[in-house]
Amino acid sequence: MATMAIPMETTKTMRAVVRRRWGRPHDVVELDEVARPTPKDDEVLVRVRASSVNRADYYALGGVAVLMRPMIGGFLRPKDEHVGGDFAGIAEAVGKDVTDVQPGDEVYGVRTGAFAQYVSAKLAVARKPANVSFEEAAAVPTAGLTALEAVRDHGRLQPGQRVLVNGASGGVGSFAVQLAKALDAGHVTAVCSARNVERARSLGADAVLDYAQEDYTRSGEHYDLIVDVAGSHSWRQNLRVLERGGTLVLAGLPSGNHFTGPLGRLGQLWLTSRIGRGRRLVFFVCKPNRANLATLRDLIEDGKVRPPVDRVYPLTEIAAALDAMGEGHTQGKLVVRID
Ligand SMILES: NC(=O)c1ccc[n+]([C@@H]2O[C@H](COP(=O)([O-])OP(=O)(O)OC[C@H]3O[C@@H](n4cnc5c(N)ncnc54)[C@H](OP(=O)(O)O)[C@@H]3O)[C@@H](O)[C@H]2O)c1
């Protein structure tokens, strides 16, 4: 049977960042012309104005943490060439089953392939906070949703409790400090390096520890909830400062070695945490959704949380932004502007 070729002029295309093999940012990411996504009935086609970089985007390149490649998808080469997750932009078209977003709405959310001019989002897309720019809104989704789950859901924070955030100056940590205060923690201690002490105070921390000078597990203080983004201490060390009934929510881990990446450390912590002495260790993978995006939007519009933008890169400098994320000392969020 004869097949008919689609004329080039009817195929809509867009500029997008892709990677077609595993490797480090500068070796594998390229800006290419690819097919524009078509929204399904339950999807929103978004014209992306800004995106932001997360550690997951760096790991997804597969240049480090080789063992994670099959989890990302593909072994010899990635199955999906698209990269990026967070987006903020304008809804261009809306599937017939979508009721809460209209074409023309300013939206934000999470969908693989967000380092592109268009993304078709399904589960995690919601109206963006009205009082912030696209660049600020793009800084929110993954880091904010992770911090919200860590503090509210897995940490089960109760008003008046004492909280410590280890790794308080990066994307997730900056949101965790603000969210703990917004959800009525009694006292929040932020752990970060010396250059970030003032930053952590401005996010609302009641006390700040410089991790190069002071080991929080030797501070003599006790906490109901530790949100750990850095994964720098063992379970036994954390037990010294966790109240009975308290929880360590492990959101992040050190990058680890080239082969296992963060997985080696995760296995070690999980095994040792079997001995909990009345304390819990929770590790989780964030599940982005509309309801939590709406909660973050309300908190931002109420002025209780502000997006912590560190630096804005043009899309053409995406490799530099990913390299900076891989170094692990970001202050707040790295945003990518998509013109
Ligand atoms: N579970 C999930 O679903 C989920 C979702 C998102 C992210 N994550 C994970 O969460 C982690 C953080 O992500 P992120 O986006 O916030 O990364 P990030 O922006 O790079 O922040 C990491 C922060 O950790 C700090 N840090 C480094 N070594 C430290 C130490 N020894 N003690 C205390 N703080 C230290 C750094 O601050 P200094 O510059 O001051 O050292 C940096 O600000 C990553 O491991 C990521 O994979 C997990």
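Before you start, note that the model is predicted: local features need pLDDT of at least 70, side-chain atom pairs count only at pLDDT 80 or more, and totals for chains, interfaces and linings use all residues. Residues are numbered from 1 along each chain as its sequence is written, and side-chain values use heavy atoms, with hydrogens and water left out.

**Stop 1: the two domains.** Colour residues 11–139 + 307–337 as domain 1 and 143–283 as domain 2; these bounds come from an automatic or database domain assignment. Their centres, taken over C-alpha atoms, are 27 Å apart. Now show the contacts (heavy atoms within 4.5 Å): 20 residues of domain 1 touch 21 residues of domain 2. The two domains bury about 1500 Å² between them, 57% of it on carbon and sulfur atoms. Select Leu 67, Pro 308 and Gln 331, which lose the most area on the domain 1 side, together 33% of what that side buries. Buried area here is the accessible area (1.4 Å probe) lost when two parts are put together, summed over both.

**Stop 2: salt bridges.** The criterion is a side-chain nitrogen of Lys or Arg within 4 Å of a carboxyl oxygen of Asp or Glu. The whole structure has 18 of them, while the count between domain 1 and domain 2 is 0. For one to look at, pick Arg 15 and Glu 33, whose side chains meet at 3.6 Å, N to O. This pair joins strand S1 (residues 13–18) to strand S2 across 18 residues of sequence. Strands are DSSP runs (E, at least two residues), numbered from the N terminus.

**Stop 3: Ala 35.** Stay on strand S2 (residues 30–35), where you will find Ala 35. Beyond its neighbours within four places in sequence, Ala 35 is in contact with Lys 12, Thr 13 and Met 14.

Stop 4: Select Pro 37, His 82, Arg 111, Thr 112 and Ser 120, which lie nearest its centre among 14 lining residues. A pocket is an open set of points on a 1 Å grid over the protein atoms alone, where a 1.4 Å probe fits, with protein on both sides within 12 Å along at least five of seven lines; lining residues have an atom within 4 Å of a point. About 230 Å³ of space lies inside, a volume being the space filled by probe spheres set on the points, which are joined across faces, edges and corners. Strand S6 (residues 118–121) gives the most to the lining, with 3 residues.

Key: Helix = DSSP H or I, 4+ residues; strand = E, 2+ residues; numbered from the N terminus.
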